[in-house]
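Subject: Model handover and findings

Hi,

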Amino acid sequence: MKNKNDTYKPDWTPKNAGEEFAVRVVKGVQKISDTKINSAKTKNHEVEDLVKGVLTNDRVLLAKTITLVESNARAHFEKAQSVLHKLLPHSGNSIRIGISGVPGAGKSTLIESLGMYLIEHGHKVAVLTIDPSSSITKGSILGDKTRMEKLSREDNCFIRPSPSGGTLGGVTRKSRETIIVCEAAGYDIILIETVGVGQSEITVRSMVDFFLLVQLAGAGDELQGIKKGVIEIADAIVVNKADGNNLQKANIARSEFANVLHYLKPVTEGWQTRAFVSSAITGQGTADIWKVMQRFVEITRASGVFEKRRTEQKIEWTFRMIEDELKDSFYNKEIIKNEIPRLKLDIEKGNILPTTAAGKLLKLFNSNSSI
Ligand code: GDP
């Protein structure tokens with residue numbers, strides 16, 4: 001029903017016309033300029049709504065908040081920060097778990113199996129993905145197929161695909177803030193999935209408490225084709241697809257990994273990284289994986305390593321953002337953009353030393369910078 005105040009009688013209606021007179025003009029929608037004038041009021045209202053929605057785990061408002069956090073628009077940034085600021089005191093109460101492995105290793109099947117197991121045991125699970133391919137190829141390795149169908153139907157599960165576009169740094173910032181939002185909504189297990197492309201594994205390691213590497217048993221040397229350094233950042237390795245004809249191969253692969261791990265310095269102080277086998281499809285080994293994670297949390301919480309890592313991650317995150325922001329403002333400056341092709345030519349021709357060229361660009365930036 002329209003409010004009586006929203007209508008008025010135009011001046012061409014008869015003077016003595018009563019309420020029964022049919023002609024009324026209904027006020028239209030507010031002009032954009034009016035909306036703008038009221039924007040400060042509307043903004044606060046929306047921030048409160050979003051915060052309340054997240055805290056009561058209203059899935060629509062939760063998704064809306066994450067969309068706001070993921071937005072690249074400058075105008076959304078402040079609002080997103082206000083929401084996050086209010087959510088921050090309610091965050092942090094989760095176990096953040098990174099899961100990585102090559103495409104086809106069985107990550108999504110394992111997440112489905114582990115996620116269902118955790119939900120059955122009273123947990124609330126959020127699954128986020130970090131897909132570096134979206135920033136490299138504009139395509140998607142993780143998102144193209146229907147994944148985790150059973151889990152996605154669960155009330156106590158929230159699945160959010162990788163934010164798309166932008167640099168890995170940008171995707172990472174969004175994911176870190178999405179973790180805060182999900183925790184405030186009461187999700188106590190955050191699973192962050194990624195694929196072994198570029199820096200993505202290192203990036204995920206820098207935002208989780210526990211890092212699980214999913215591997216496959218191949219023929220022959222198991223360590224071939226595994227990116228150097230990835231084993232070093234894992235808190236556990238699981239050789240998946242340990243079922244049927246593959247069981248024996250998986251067990252052999254597991255002991256090969258165990259041998260290598262024996263000689264490596266574990267990534268987490270006071271914790272020995274070990275290798276396990278699992279079958280995500282039958283669920284064999286899922287409970288064991290969870291036991292390992294629980295034990296890890298117990299040990300690292302008791303020793304203080306858990307909190308120490310989280311603090312270090314926050315500090316690292318702060319300075320990484322500064323680096324990203326500085327880099328962006330440097331390369332997006334018109335004068336720098338214009339100068340780079342000229343300098344590149346000079347470098348190619350050998351007219352200028354790289355150090356001199358770098359110095360020249362930095363000087364140009366500093367003398368034209370308002371910072
Ligand atoms: P992702 O790309 O790492 O997420 O891998 P998926 O979870 O999509 O799995 C790739 C394929 O391997 C699918 O066809 C799965 O059904 C299959 N798969 C996953 N886990 C297992 C397992 O434990 N045993 C067997 N036999 N197949 C599996």
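Predicted model: local features only at pLDDT ≥ 70, side-chain atom pairs only at ≥ 80, totals over all residues.

Residues are numbered from 1 along each chain as its sequence is written, and side-chain values use heavy atoms, with hydrogens and water left out.

**Sheet**

Helices (H or I, at least four residues) and strands (E, at least two) are DSSP runs, numbered from the N terminus. Two strands pair if DSSP finds at least two bridges between them.

The model has an open sheet of 7 strands, with parallel pairing. The order is β5-β4-β6-β3-β7-β8-β9. β5 and β9 (274–277) are at the edges. Each has a single partner strand, so one side of each lacks a neighbour in the sheet. From one strand to the next, the twist averages 20 degrees. Axes are lines fitted to C-alpha atoms, for helices over the stretch in contact, and angles run from 0 to 180 degrees between N-to-C directions.

Pairings in this sheet include these:
- β3 and β6 are parallel, over 7 bridges. Arginine 96 has isoleucine 190 in β6 as its bridge partner.
- β4 and β6 (residues 189–195) are parallel, over 6 bridges. Threonine 129 is opposite glutamate 193 in β6.
- β4 and β5 (residues 157–160) are parallel, over 4 bridges. Alanine 126 has phenylalanine 158 in β5 as its bridge partner.

Why is strand β4 largely enclosed by the rest of the structure? Because 6 of the 6 residues of β4 (residues 125–130) are buried. Buried means under 20% relative accessible area, exposed over 50%, and partly exposed in between (1.4 Å probe, protein chains only). Val125, Val127 and Thr129 point one way from β4. Ala126, Leu128 and Ile130 point the other way. In a regular strand the side chains alternate between the two faces of the sheet.

**Ligand site**

The ligand is surrounded by 16 residues (near means a heavy atom within 4 Å). The closest are Gly104, Lys107, Thr109, Asp243 and Ala280.

Polar contacts are pairs of N or O atoms within 3.5 Å; within protein, one must be able to donate a hydrogen and the other to accept it, and residues adjacent in sequence count only if both atoms are side-chain atoms. Among them are these:
- Aspartate 243: a side-chain N or O atom is 2.6 Å from a ligand nitrogen.
- Lysine 241: a polar side-chain atom is 2.8 Å from a ligand oxygen.
- Alanine 105: a polar backbone atom is 3.3 Å from a ligand oxygen.

**Cysteines**

How many disulfides are there? The count is 0, with a disulfide taken as a pair of cysteine sulfur atoms within 2.5 Å. The sulfur of cysteine 182 is 9.9 Å from the closest cysteine sulfur, in cysteine 157, too far for a bond. Cysteine 157 is buried at 1% relative accessible area. Cysteine 182 is buried at 0%.

**Serine 91**

Serine 91 is in the loop between α4 (74–87) and β3 (95–101). Is serine 91 buried or exposed? Serine 91 counts as buried, at 16% relative accessibility. Its side chain reaches the backbone oxygen of leucine 88 at 2.8 Å. Leaving out residues up to four places away in sequence, serine 91 touches Ile180, Glu183 and Ala184. Contact here means heavy atoms within 4.5 Å.

Best regards
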